[in-house]
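Below are my notes on the model, as numbered points. Please read them alongside the sequence and the coordinates.

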Amino acid sequence: MAPQSSIQFLDMALDSNSRFSLSYTDPDQRWLIRKHLLSLLHEFPALKLSFDTFIHNDGTNVNLLYAGGVIRVSSSTPLIPLTVWIHQDYPHLPPIVYISPDSTNLIHPDHPFVDQSGSVMCPYLITWVFPESNLLDLTRNLVKLFAQDHPFFCSSPYISFGHPSMVSKMEALDRLVGSIHYDMKAHQAQFEEDMENLSVAQIEMVERVDVATSILIGLDNERCGLKNRVKEWTEKADVMMNWLKVYNTKVDEMRDGFEGADEVSKMVISRLAKDKAVEDLMYALDKALEEGIVTFEVYIRCYQPQIVRPLAIHLLEEPTRLETIQRD
């Protein structure tokens, strides 16, 4: 049975009609709240009753009862400071549950049922349905829940469900939610690691793209330079071809200009050419004799038949032919 002091406080708080009266307006609701709270205190006497103003997330202020104190979930773990606020629409809406950490006992990150502010949100609260749900069963469920996954210690519970007959439906649901939560956190950590690796790879790829782009720009500049050089050399080749066309014609014209205009001129040019050939031959023989390539006897033999006879014939025939041409 709950302590007599708690019963008296509860009756006084629920019957108060002052401006600090509680936000429970229905008499049947007050009676049910009284019954559930006394059952809770009977099994968990470390919890004490009180009331205060509660501010909802939407800014609404209400005066609510709450049971606060510590609960023990295991002999080897710290006590858990628990506060259970009785919602103004209880029992149709679930209680509001908080854990109050201190400087030595902090809520470990990524707890599946308790956030960093201490707010508790477990499957029992989420699936709250009156009249099946009540304060006492909620607290019993929290004891089992925190025995598996203490809010002040980071662990990896829910390794095995055991035989289905050994656990209740709610306990199985708690373990399933906890397992899914930790699996999601593990996958999230792996995902973040993969994303970090992909970000590093992306940075490397961007750097490689910059290098490749720089190389391509350099090759394109080199291609443009080679193209300009080819164009320049093509233009020079065209100039050279034009020059050759012009000056080849002039050479042909110059050769045509030395041809005799008549028979006499042709004979004169022929005579001059022969004279030049004889002079070249005489020079070559003299040079060969001087350098010892031929002996003097050979020189004399080559000199007389090759030069003297043709020269004599040349000197005798050319004036006669010139006179004949001139008479004609």
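1. The structure holds five salt bridges, a salt bridge being a side-chain nitrogen of Lys or Arg within 4 Å of a carboxyl oxygen of Asp or Glu. This is a predicted model, in which local features need pLDDT of at least 70 and side-chain atom pairs count only at pLDDT 80 or more, while totals for chains, interfaces and linings use all residues. Residues are numbered from 1 along each chain as its sequence is written, and side-chain values use heavy atoms, with hydrogens and water left out.

2. One of the salt bridges pairs Arg-34 with Asp-11, with 2.5 Å between the closest N and O atoms. The pair links distant parts of the chain, 23 residues apart: Arg-34 belongs to helix H2 (residues 27-43) and Asp-11 to helix H1 (residues 4-15). Helices (H or I, at least four residues) and strands (E, at least two) are DSSP runs, numbered from the N terminus. Arg-34 counts as partly exposed at 28% relative accessibility, and Asp-11 counts as partly exposed at 26%. Buried means under 20% relative accessible area, exposed over 50%, and partly exposed in between (1.4 Å probe, protein chains only).

3. Arg-140 forms a salt bridge with Glu-43, and their closest N and O atoms are 2.6 Å apart. This pair also links distant parts of the chain, with Arg-140 in helix H4 (residues 135-148) and Glu-43 in helix H2, 97 residues apart. Arg-140 is partly exposed at 35% relative accessibility; for Glu-43 the value is 35%, again partly exposed.

4. In general, an α-helix has 3.6 residues a turn, so residues three or four places apart point the same way. Arg-223 is partly exposed at 46% relative accessibility, as is Asp-220 at 34%. Elsewhere, salt bridges that share partners join Glu-43, Asp-137 and Arg-140 into one network.

5. How do H2 and H4 meet, and at roughly what angle do their axes cross? The axes come within 8 Å and cross at roughly 35°; they are lines fitted to C-alpha atoms, for helices over the stretch in contact, and angles run from 0 to 180 degrees between N-to-C directions. On the H2 side the contact involves His-36, Leu-37, Ser-39, Leu-40 and Glu-43, which meet Leu-135, Leu-136, Thr-139 and Arg-140 of H4. Contact means heavy atoms within 4.5 Å.

6. In H1, the buried residues are Ser-6, Ile-7, Leu-10, Ala-13 and Leu-14. Seen down the helix axis, the buried residues of H1 fall within an arc of 135°, so they line one face; the arc is that of the directions from the helix axis to the C-beta atoms. The face turned away from this buried side carries the exposed residues Ser-5, Gln-8, Met-12 and Asp-15. Cover for the buried residues of H1 includes H2, strand S1 (48-55) and strand S2 (61-71).

7. Leu-32 lies in helix H2 and is buried, with a relative accessible area of 13%. Leaving aside neighbours within four places in sequence, Leu-32 is in contact with Pro-91 and Phe-130. Leu-32 and Pro-91 are 59 residues apart along the chain, and their C-alpha atoms are separated by 8.0 Å.
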